[in-house]
Amino acid sequence: PLDPPVESSITPNLLTESISASFDNVYINGNLTTAYEDFDSYTSINDIDWSKWNWHDNATIQRDNGNGWLVLDIGNSVGRANGQLNFANPSSINEIRADITINSTSSDAPRAEIAGTWCHNGVGDIFAKITVTRDGVYYSVSQEYINEQETYKWDELINENWLTGYIVDAPVTVGISWNDATSTLTFTADGTSIPYVVSGNLGPP
């Protein structure tokens with residue numbers, strides 16, 4: 001058999017890129033009284049409540065003085081790498097809100113985000129996310145579908161910078177909500193909001 005290539009010999013690569021991001025105080029469906037998840041009851045990622053979550057990757061739980069939070073830690077990867085924690089029943093959720101903190105990052109390229117698939121517009125599933133980087137916050141919407149070549153395709157519908165500034169070691173409260181009656185996605189970040197109306201023949205994803 002052939003020896004595997006030396007990772008550092010592969011170009012381009014992402015070996016020098018890394019990010020550590022914390023997530024806490026997750027609220028859903030407009031309920032801001034009781035957190036869906038605050039991670040305080042866990043001592044490790046193995047304790048995660050599987051009635052709330054169904055998959056995690058590159059995730060740990062950190063604690064201090066009785067408080068807990070989720071940490072996604074990515075680095076030393078040749079190609080694109082992901083860390084994630086997925087909802088157990090995403091179809092029941094029409095709003096997500098969470099605090100995101102960039103603990104450390106190698107550049108503005110790595111990012112932390114909350115995201116979801118919210119509807120179908122007659123062409124593809126509508127995927128929307130709000131993203132925190134070292135230098136600010138942006139939001140984006142895309143339609144995702146299988147094309148004529150039977151491969152997945154992503155058409156970006158909007159991608160806008162929003163808040164700018166050096167955001168490290170400072171929590172940012174971000175959210176996405178979907179209003180089926182008005183076909184509107186609303187992105188929120190630290191008290192400001194931006195609506196985006198989804199057009200097309202809408203239905204469930």
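## Strands, salt bridges and a nonpolar core

Serine 140 is found in strand 9, which runs over residues 136–146. Strands here are DSSP runs of E with at least two residues, and they are numbered from the N terminus. The model is predicted: local features need a pLDDT of at least 70, side-chain atom pairs count only at pLDDT 80 or more, and totals for chains, interfaces and linings use all residues. Residues are numbered from 1 along each chain as its sequence is written, and side-chain values use heavy atoms, with hydrogens and water left out.

Is serine 140 buried or exposed? Serine 140 counts as buried, because its relative accessibility is 6%. Buried means under 20% relative accessible area, exposed means over 50%, and partly exposed is in between, with a 1.4 Å probe and protein chains only. Leaving aside neighbours within four places in sequence, serine 140 is in contact with Phe127, Ala128, Lys129, Ile158, Asn159 and Phe187. Contact means heavy atoms within 4.5 Å.

Strand 9 also holds glycine 136. Glycine 136 is buried too, at 5% relative accessibility. Apart from residues up to four places away in sequence, glycine 136 touches Thr131, Leu163, Thr164, Gly165 and Ile167. Glycine 136 and tyrosine 166 are 30 residues apart in sequence. In space, their C-alpha atoms are 6.5 Å apart.

Threonine 131 has its place in strand 8, residues 125–133. Its relative accessible area is 0%, so threonine 131 is buried. Beyond residues up to four places away in sequence, threonine 131 touches Arg111, Ala112, Glu113, Gly136, Val137 and Tyr138. With glutamate 113 there is also a polar contact of 3.0 Å between the side chains. A polar contact is a pair of N or O atoms within 3.5 Å; within protein, one must be able to donate a hydrogen and the other to accept it, and residues adjacent in sequence count only if both atoms are side-chain atoms.

A salt bridge is a side-chain nitrogen of Lys or Arg within 4 Å of a carboxyl oxygen of Asp or Glu. By this rule the count comes to four. The table gives some of them.

| Salt bridge | Distance, N to O |
|---|---|
| Arginine 111 and glutamate 113 | 3.7 Å |
| Lysine 129 and glutamate 113 | 3.8 Å |
| Lysine 153 and aspartate 155 | 4.0 Å |

Arg111, Glu113 and Lys129 are linked in a network of salt bridges. Which parts does the pair of lysine 129 and glutamate 113 tie together? Lysine 129 lies in strand 8 and glutamate 113 in strand 7 (residues 112–120), so the pair ties together parts that are 16 residues apart in sequence. Arginine 111 is partly exposed, at 42% relative accessible area. Glutamate 113 is partly exposed, at 27%. Lysine 129 is buried, at 15%.

**The nonpolar core**

A nonpolar core is a set of buried Ala, Val, Leu, Ile, Met, Phe, Trp, Tyr and Cys residues joined through side-chain atoms within 4.5 Å. The largest one has 47 residues. Phe39, Trp53, Leu70, Ile114, Ile130, Leu185 and Phe187 touch the most other members. The largest share of this core comes from strand 1, residues 14–28, with five residues. Leucine 185 shows its surroundings in detail. Setting aside residues up to four places away in sequence, leucine 185 touches Trp118, Ile126, Ala128, Val141, Ile176, Ser177, Trp178, Ile194, Pro195, Tyr196 and Val198.

**Out at the surface**

Tryptophan 154 lies in strand 10, residues 152–164. Tryptophan 154 is exposed, with a relative accessible area of 54%. Together, Ile146, Tyr152 and Trp154 make a nonpolar surface patch of about 410 Å². Patches are made of residues with over 30% relative accessible area and no salt bridge; like charges are joined within 9 Å, and nonpolar side chains (Val, Leu, Ile, Met, Phe, Trp, Tyr) within 5 Å. Areas come from the Shrake-Rupley method with a 1.4 Å probe; for residues, only the protein chains shown count as cover.

Where does aspartate 169 lie? Aspartate 169 is in the loop between strand 10 and strand 11 (172–179). Aspartate 169 is exposed, at 58% relative accessible area. Not counting residues up to four places away in sequence, aspartate 169 touches Thr101, Ile102 and Asn103. Aspartate 169 and asparagine 103 are 66 residues apart in sequence, and 5.2 Å apart in space, C-alpha to C-alpha.

How values were computed. Helices (H or I, at least four residues) and strands (E, at least two) are DSSP runs, numbered from the N terminus.
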